[in-house]
Amino acid sequence: MRHVIIGNSAAAVGAIEAIRQHDTENGITVISDEPHHTYSRPLVCHLLGELVTEDQMAYRPADFYDRHQVETMLGVRATGLDTQARTVALAGGGSVAYDRLLIATGGKPFVPPTPGVDLEGVFTFTTWEDARDINRYIEDQEVGSAMVIGGGLIGMKAIKALTARSIPVTLVELADRILSISFDRTASKLSEGILRRAGTEIYTGTTAKEIVGKDGRVDHAILQDGSKIPCDLVIVAIGVRPNLDLILPEPEKKTGIRVNRGIIVDEHMRTSAADVYAAGDCVETHDLLLGASRPIAIWPHATRQGHVAGSNMADVEKTYQGGFPMNSVDVGGVPTISVGLTDPRENPEEYEIMEKYDRDALTYRRLVLHHNRMVGAICVGDIDRAGIYTGLIRERVDVRPFKEHLLSGSFGLISLPKEYRKHMVVGDGIVV
Amino acid sequence: MKRIYVNEEYCIGCRLCEVHCLVQHSQSKKIIKAYKEEAPALMPRLVFEEDGPLSFAMPCRHCVDAPCLDACITGAMHRDHESEAVLCDEDKCVGCWMCVMACPYGAIQRSVIGHKAASKCDLCYGEEIPACVAHCPNEALTFEDRTPASEEAS
Amino acid sequence: MSLSLLPPEFKILRDEDRCIACQVCVRQCANDVHSYDPEDDWVNSDYSRCVGCHRCVTLCPTRALTVVENPLDFRPNANWSHQTITNLHKQAETGGVLLAGMGCDQPYPIYFDHLLLNASQVTNPSIDPLREPMELRTYIGRKPDRVAVTQDGDCISLETQVGPQLTLETPIMFSAMSYGSISYNACLSLARAAKEAGIVYNTGEGGLHPTLYEYGPNTIAQVASGRFGVHPEYLEVATALEIKIGQGAKPGIGGHLPGEKVSADVSRTRMIPEGTDALSPAPHHDIYSIEDLRQLIYALKEATNYQKPVGVKVAAVHNVAPIASGIARAGADYVAIVGLRGGTGAAPTSIRNNVGLPIELAIAAVDDRLRQEGIRNQVSLIAAGSIRSSADVVKAIALGADAVYIGTGALVAMGCHLCQKCYTGKCNWGIATQDPYLTKRLNPNIGSRRLTNLIRAWSLEIKEMLGGMGINAIESLRGNRDHLRGVGLNQVELDTLGVKGAGQA
């Protein structure tokens with residue numbers, strides 16, 4: 001029997017390790033259009049910022065594929081899928097047959113149809129190659145300043161990388177504040193202040209309506225109100241969508257795989273096609289907090305989903321209950337963490353907000369409660385032990401017995417009631 | 001596998017566990033030298049909590065199903081094959097703090113040196129018994145294998 | 001407020017080269033002696049509050065601390081000692097009764113240290129305890145006047161019915177220390193160690209905590225003058241009962257547990273209101289004669305269906321011999337006698353230091369008296385009051401005791417450093433306190449292990465000494481004065497002890 005995995009990132013590695021935990025006999029083949037040993041896309045920012053070297057990019061040790069007996073086809077694009085014949089078509093002809101298939105194609109950056117977006121010097125910022133290309137451009141050209149379009153998480157990473165290269169940045173964000181999806185208003189404004197003090201110019205409530213070039217290369221951008229912003233480099237950091245190129249168009253008709261915004265999977269990570277699994281940024285996840293299905297493109301979820309898929313592919317049943325967004329991102333040198341439902345827009349009156357804002361230390365913590373259960377948390381600056389909040393959100397713990405301690409400086413496991421501590425650590429933790 | 005268990009009934013809040021953890025992870029491994037010469041670039045890997053007479057020190061649980069392993073973007077957080085402990089390769093770590101966000105015990109801290117890497121218990125890798133357990137004056141910390149026999153078989 | 005004339009009792013020496021300012025001493029001192037100055041990154045010690053318990057010294061990870069007696073010299077005065085002067089200053093300042101913890105610390109003669117044991121040489125050879133059986137087992141209880149046996153071929157069986165006995169694997173028991181004067185963890189350590197070592201411990205006058213009922217077979221339940229915690233189940237659960245008439249540390253007066261030590265749990269166990277002082281009256285208010293005592297002894301026997309030995313505990317006072325005789329005739333199964341140096345959680349210093357008799361003299365006198373009256377078999381004798389080593393145990397038995405109680409010894413095994421401040425409730429070792437910050441410090445796993453170790457060590461030493469004397473059963477030692485010789489004692493003392501002078505064959 002042959003397991004075939006299309007993709008070579010978090011979900012793929014999770015799947016490989018899970019399969020090999022239970023199945024050391026059957027073959028695994030990995031097909032990836034990128035030529036690299038498995039690497040971490042979140043590290044692309046550090047690579048561009050020269051905070052890590054290319055040698056440090058590998059997500060797993062060099063002997064990973066050998067040790068796990070994985071056949072790799074790197075730098076090979078999968079172009080089509082035939083679920084009847086159970087084959088994956090490859091670019092340049094040729095195909096690979098599978099008994100079990102995992103689609104782990106990840107996400108692809110969203111590029112708006114802005115005029116000038118195809119000029120030299122305009123880049124997306126997702127892959128190793130992107131980092132290499134931008135780096136080469138910086139080294140070859142004179143880059144006096146850059147523009148980052150999109151004030152979300154990817155935008156923050158782009159700013160971090162460019163700032164590390166001493167390139168001044170202008171950030172342009174369509175919403176009325178940056179990080180409008182992950183943060184609440186206060187955290188956004190706090191972040192804007194931090195970035196501005198670090199030298200980044202920020203324009204909110206607008207976007208680039210045209211990118212203008214000179215000699216085929218980026219020269220400046222024009223915002224919606226007509227202002228002209230000079231820039232030698234543009235990074236489009238608007239967002240990432242599930243990469244469904246393999247099965248589009250008409251995926252259900254052609255392959256039987258049902259798709260919404262991402263590939264629809266059940267709790268075993270199975271798609272609607274027999275023996276075809278999907279995991280990672282290309283799927284729709286059950287959002288535990290919203291109670292709805294949507295793509296949640298987060299590294300830990302991809303790893304876990306890959307793990308669950310791999311387990312099931314090796315005939316050992318495991319389920320994935322779903323997840324919620326969680327992000328850790330550096331804003332102008334200040335660590336921030338956001339978890340769950342941080343700024344509920346629908347029925348805001350049902351939610352209770354607890355905040356602690358220290359204007360001198362510039363730290364901020366915000367907790368969102370729904371019927372006495374934590375559903376969201378934001379930490380700016382003071383991120384120590386934020387994971388405890390993540391645990392409380394996941395476990396849907398009733399916080400009433402210790403609500404007044406949640407934002408205290410000494411909040412910890414000790415603030416939780418004895419029975420919950422015991423429950424949380426049953427078998428390996430604190431003995432009560 | 002053996003893990004460190006904390007008995008909050010017997011923790012006397014002396015924090016000697018922190019002292020010895022710090023020394024064990026210092027360069028010299030000598031208590032006076034570590035404190036007088038190497039500090040403040042040293043930190044203990046246990047997280048100590050106190051509320052009135054109740055106190056305990058919480059080291060990493062080396063979870064069987066560790067959320068930090070899922071969260072780590074560089075692969076610095078890894079499981080050691082021999083001991084099954086969850087270890088952090090501090091050279092590979094870039095300080096993204098995804099693990100801090102993921103750990104429900106809050107057992108991972110930002111290292112004091114430049115806040116660059118994640119710092120956590122490594123079960124005193126290579127030693128027979130972790131330093132905190134060996135030096136707890138009231139046997140509040142124990143080093144035991146509590147895997148039920150049925151799990152061990154599989 | 002005028003100046004206090006009381007100098008510090010102790011001085012703390014901190015080796016600054018070794019001190020790493022880890023602040024363990026700051027956290028561990030219940031008297032707030034040490035404090036950390038974050039500005040100077042320095043630990044300071046206000047040693048006027050130091051009681052000399054050595055907690056900080058023991059826990060300091062670099063051994064940077066030591067405690068010495070405050071080297072304050074007075075002009076030499078053979079009459080007015082430093083302590084006497086300080087006590088007087090204290091009373092002038094407070095107008096109160098001076099309190100002390102633990103046993104009499106004054107330099108009265110210690111007769112154990114004037115008694116020497118015999119050993120076998122040439123005749124009556126030594127016995128090797130590692131090769132030959134050595135009987136330490138002791139039965140506490142009334143023994144019959146005569147023993148009738150029946151013989152059937154080679155099989156001999158006992159016809160006489162023997163009354164209820166306490167079985168001890170070694171002739172050492174843990175003395176009465178109440179829950180309230182010591183912590184729950186200390187009680188649990190004693191109970192577990194008693195079970196592990198095959199001996200018993202005594203509840204003291206604090207009643208018995210329900211979670212300790214499982215150790216009933218190793219528990220002596222005490223019925224004291226305050227009758228704290230005495231109810232039917234209490235009597236049922238125990239393996240023996242003891243009526244407390246007095247205790248060695250404070251003969252003639254009652255017990256006193258300060259209200260601060262009466263926590264919710266202590267209040268429940270003793271059946272008294274929380275926070276109130278627990279005062280035991282000096283006499284039992286229903287015992288004003290020996291006949292009254294007999295009545296109570298038999299009331300307890302009736303209540304427990306004559307299944308358990310009932311003993312009586314008295315302090316060693318001047319006429320302890322006739323008192324013991326009366327108690328034996330009143331129906332008690334054993335008499336426990338506690339000497340002048342017996343310990344306590346709190347007693348007026350004047351009483352602790354000046355009232356009673358040394359146990360060595362008391363036991364010898366009682367043993368002689370009961371033998372003379374021909375009633376020695378009617379009671380077992382238990383000696384208590386500063387049994388400090390296995391040698392003391394052997395000597396006490398040679399002087400006439402069946403077994404000994406250890407109180408101070410047990411506490412020291414658990415960590416006590418005899419700072420004598422038990423009455424403050426701030427015992428830094430978690431023993432004589434109810435403060436939750438402090439009681440945690442005594443881990444019952446460790447406490448019971450240390451106690452069991454002590455009993456084991458002493459039992460092995462007793463066997464060595466017995467073997468050296470050519471004896472293989474503790475029974476052969478009991479009251480056997482000929483194994484003792486006195487050294488540095490006058491004739492009256494030798495006569496009271498019933499012992500020859502060293503050098504006499």
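Along its sequence, chain B runs β-α-α-β-β-α-β-β-α-β-β-α-β-α. That comes to six helices and eight strands. Both kinds of element are DSSP runs, numbered from the N terminus: helices are H or I with at least four residues, strands are E with at least two. The model is predicted, so local features need pLDDT of at least 70 and side-chain atom pairs count only at pLDDT 80 or more, while totals for chains, interfaces and linings use all residues. Residues are numbered from 1 along each chain as its sequence is written, and chains are lettered from A and ligands numbered from 1 in the order in which they are written.

Next, the overall form of chain B. Its C-alpha atoms fill a box of roughly 45 × 35 × 30 Å, taken along the principal axes. The radius of gyration, taken over C-alpha atoms, is compared with a globule rule of 2.2 Å times the number of residues to the power 0.38. For 154 residues, a compact globule would come near 15 Å; chain B has 16 Å, which agrees. Buried residues make up 51% of the 154 residues in chain B. A residue is buried if 20 or more other C-beta atoms, placed from the backbone, lie within 10 Å of its own. Of the contacts in chain B with a separation of 6 or more, 59% join residues 24 or more positions apart. Two residues are in contact if their C-beta atoms, placed from the backbone, lie within 7 Å.

How do the chains meet? No contact joins chain A and chain C; their closest C-alpha atoms lie 14 Å apart. Between chains B and C, 17 residues of chain B are in contact with 16 residues of chain C. On the chain B side, helix H1 (16-24) and helix H2 (31-38) are the elements that give two or more residues. H2(B) gives the most, with four residues. That side divides into eleven nonpolar, two polar and four charged residues. Here Ala, Val, Leu, Ile, Met, Phe, Trp, Tyr, Cys and Pro count as nonpolar, Asp, Glu, Lys and Arg as charged, and the others, Gly among them, as polar.

Now look inside chain C. Helix H11 (residues 390-398) of chain C packs against helix H14 (residues 444-469) of chain C at an angle of about 55 degrees, with their axes 9 Å apart. Axes are lines fitted to C-alpha atoms, for helices over the stretch in contact, and angles run from 0 to 180 degrees between N-to-C directions. That angle makes H11(C) oblique to H14(C). Oblique is what remains once angles under 35 degrees (roughly parallel), over 145 (roughly antiparallel) and 65 to 115 (roughly perpendicular) are set aside. C:Ser390, C:Val393 and C:Val394 of H11(C) meet C:Trp458, C:Glu461, C:Ile462 and C:Met465 of H14(C).

Definitions and conventions:
Buried ≥ 20, exposed ≤ 12 C-beta atoms within 10 Å, placed from the backbone.
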